[in-house]
Amino acid sequence: MRTAAIKSLVYKEFYMARKPLLIGMLNFLIFALMGVLAETSFRSGNLALLSDVIKDDIKEMVDLSAILCPVLMVCFLTLFIADSSLKDEVTVWKRFYCATPASHIDFAVSKYVTFLITVLAESAFSFVYTALICSIIGTPLSALYAAYILAVVVLTTLMAVLNHVGILLFHTKDKAGLFMTAVLFGIILIPAFIGMNFSDADSAREVVGKGLIFLLPWMPVMTAVILAVGCAVSAVLLRRREA
């Protein structure tokens, strides 16, 4: 594994994804501005003129949307990095793998170093933005909000890794998308509906909130495991291709 080769390949990953990353950041800024304006309006704008009954009904939903929508936009940046693998397929870059001074391990590690840098950057953006929203709302950045952010980070990281592995396996975006969706259904959605029978939305929200807070310390570990496993699988797939 060559450090210089990995640095060059990491630069190549960001260069290939530069336009989608800029669009993703623009989407984040738009949704972030909408969230700031909505929360500001609740304090000193038109939404502050609503009756207390109506305001109480929609305030919690607006608070959560103002946090999660921009966070989701910025966390999609990881998926844009995964899409650069498709560009490698379209340009038949694999024909030049053996002609470069980098091994299949270098290619795999560079991709997941890029993922790691992106995950750290989007997490920092998300926490800074959420702290700003919380200061406008007048509440501290709670463990539940932190759990929401890290849950989105874990989910989008898993989606990006599955998308990348799917492209290496099937060489097309459509099949890679189906692969990602099928695995996500198996890992997340099916267990989520087994044994859950809530009498109302409030009890369901309470259980989900407690579950997220319980998993909060483990979410960075889960993200690291997803990246490590994805890197190992990608190295094996690239090795098979190189052979």
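**Exercise 1. Determine how helix H1 passes helix H5, and which residues make the contact.**

Solution. H1 passes H5 in a right-handed crossing, a crossing being right-handed if the near helix is turned clockwise from the far one by less than a right angle, and left-handed if anticlockwise. The model is a predicted one, in which local features need pLDDT of at least 70 and side-chain atom pairs count only at pLDDT 80 or more, while totals for chains, interfaces and linings use all residues. Residues are numbered from 1 along each chain as its sequence is written, and side-chain values use heavy atoms, with hydrogens and water left out.

Helices are DSSP runs of H or I with at least four residues, numbered from the N terminus. The axes of H1 (residues 3-16) and H5 (residues 104-137) come within 8 Å and cross at roughly 55°, where axes are lines fitted to C-alpha atoms over the stretch in contact, and angles run from 0 to 180 degrees between N-to-C directions. H1 is therefore oblique to H5, since angles under 35 degrees count as roughly parallel, over 145 as roughly antiparallel, 65 to 115 as roughly perpendicular and the rest as oblique.

With contact taken as heavy atoms within 4.5 Å, H1 contributes Ala5, Ile6, Leu9, Val10, Glu13 and Phe14, and the H5 side includes Lys111, Thr114 and Ile117. By class, this contact has 9 nonpolar, 3 polar and 3 charged residues; Ala, Val, Leu, Ile, Met, Phe, Trp, Tyr, Cys and Pro count as nonpolar, Asp, Glu, Lys and Arg as charged, and the others, Gly among them, as polar.

**Exercise 2. Describe the packing of H5 against H6.**

Solution. H5 and H6 (residues 143-170) pack at an angle of about 155°, with their axes 10 Å apart, which means that H5 is roughly antiparallel to H6. Their crossing is right-handed. Among the residues that meet are Phe115, Phe127 and Cys134 in H5, and Ile149, Val153 and His164 in H6. By class, the contact has 13 nonpolar, 6 polar and 2 charged residues.

Terms used:
Helix = DSSP H or I, 4+ residues; strand = E, 2+ residues; numbered from the N terminus.
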